[in-house]
Amino acid sequence: MSSVRLERPGTLALWWQGARPRTLAISAVPVAVGAAASTHLGAWRTAAAAVTALGLQVGVNYANDYFDGVRGVDTAARVGPTRLVASGLASPRAVATAAALAVAIAAVAGIALAVAVGPVLLLVGAAAVLATFLYSGGPRPYAAAGLGEVAVFAFFGPVATAGTALVETGHGIPAAAWWASIPCGLLAVDVLLVNNLRDIPTDAATGKRTLAVRIGDPASRRLYAVVLAAAYASVAAGVAVRALPVPALLALLALPLARGPLTVVARGRGRELVAGLIATTRLHLVTGVLLTAGLALR
């Protein structure tokens, strides 16, 4: 990263901010949950899965910063964390390089896992890399087509959670991993929903038609609440059908924390929704920790 900073004076803290650290839990949580749901546990495999997931998320965050910056989607009217390209704090080339570097680190860890587990992981990894760059890049970014939430659910839910379980066992995916991936994915979707709800005015003005832009402000707020309720209902349902162990109900202890983000998302405007984003990521993290503990206690 030092070569990147030579292009534009800055600090490591600046690049850390550009990686959007407050949202990184949404890639760490499914790895922890998937590892706990597996019947085997290997330290290096868990670590490599975490590096892969985190590297890809940091990569997509930098890539989104780059593409939205050069396309003029991020403007001075945008409310939220500072974007490196749009603010002029880093050149587009530097941010693109940072995105490529993060994905390269993830790829090295992923290839090591594929060698140990099997070539199917190479296909999953290739799909994840494509999703990283096509989210905001390419001729038809799928984030601008209203499909961002679908991709987030898939990659931060079943792919990351069940994929980690497969990495741990080396031969199969326990039913608990599939089921536990649902709340992981749904709460990650809510993180994106509140982010896109905040950005409706600027996204709509620049032609970025996210799901929030397409369905509008009131419907986005209602959808947030529905998705959040579904996340916790899925845990209870998983225990009811015996796909999840009874201790997985520990995840429901996080429900009182949902009141804060629900209130902010229901009433907040503009910069107030930044607090809703932070509260949602915190809720995702606490729920994930409790779910991981419940799965480990089975």
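## Basis

The model is predicted, so local features need pLDDT of at least 70 and side-chain atom pairs count only at pLDDT 80 or more, while totals for chains, interfaces and linings use all residues. Residues are numbered from 1 along each chain as its sequence is written, and side-chain values use heavy atoms, with hydrogens and water left out.

## Helices α3 and α4

Helix α3 covers residues 25-37 and helix α4 covers residues 43-70; helices are DSSP runs of H or I with at least four residues, numbered from the N terminus. The two pack at an angle of about 155°, with their axes 8 Å apart. Axes are lines fitted to C-alpha atoms, for helices over the stretch in contact, and angles run from 0 to 180 degrees between N-to-C directions. α3 is therefore roughly antiparallel to α4, a term for angles over 145 degrees.

The crossing of α3 past α4 is right-handed, meaning that the near helix is turned clockwise from the far one by less than a right angle. On the α3 side, the contact (heavy atoms within 4.5 Å) involves Ile-26, Ser-27, Ala-28, Val-31 and Ala-35. These meet Thr-46, Ala-49, Ala-50, Ala-53, Leu-54 and Gln-57 of α4. The contact residues comprise 8 nonpolar, 3 polar and no charged. Here Ala, Val, Leu, Ile, Met, Phe, Trp, Tyr, Cys and Pro count as nonpolar, Asp, Glu, Lys and Arg as charged, and the others, Gly among them, as polar.

## Helices α6 and α7

Helix α6 (residues 92-117) packs against helix α7 (residues 120-134) at an angle of about 165°, and their axes are 9 Å apart. This pair is therefore roughly antiparallel as well, and α6 passes α7 in a right-handed crossing.

From α6, the contact draws on Ala-99, Val-103, Ile-111, Leu-113, Ala-114 and Val-117. From α7 come Leu-121, Leu-122, Val-129, Thr-132 and Phe-133. By class, the contact of α6 with α7 has 10 nonpolar residues, 1 polar and no charged.

Thr-52 lies in α4 and is buried, with a relative accessible area of 16%. Buried means under 20% relative accessible area, exposed over 50%, and partly exposed in between, with a 1.4 Å probe and protein chains only. Not counting residues up to four places away in sequence, Thr-52 touches Ala-106, Ala-109, Gly-110 and Leu-113. A polar atom of the Thr-52 side chain lies 3.3 Å from the backbone nitrogen of Gly-110.

Thr-97, in α6, is partly exposed at a relative accessible area of 39%. Its C-alpha atom is 9.7 Å from that of Tyr-66, a residue 31 positions apart along the chain. Thr-292 belongs to helix α14 (residues 272-296) and counts as buried at 18% relative accessibility. The backbone oxygen of Gly-288 lies 2.8 Å from a polar atom of the Thr-292 side chain.

## Two arginines with positive phi

Arg-20 has a phi near 55°, positive in a residue other than glycine. Arg-20 sits in the loop between α2 (12-18) and α3 and counts as buried at 17% relative accessibility.

Arg-242 also has a positive phi, of about 65°. The loop holding Arg-242 runs between α12 (217-240) and α13 (259-267), and Arg-242 is exposed, with a relative accessible area of 78%.

Methods:
Polar contact = N/O pair within 3.5 Å; in protein donor to acceptor, adjacent residues only side chain to side chain. Parallel < 35°, antiparallel > 145°, perpendicular 65-115°, else oblique.
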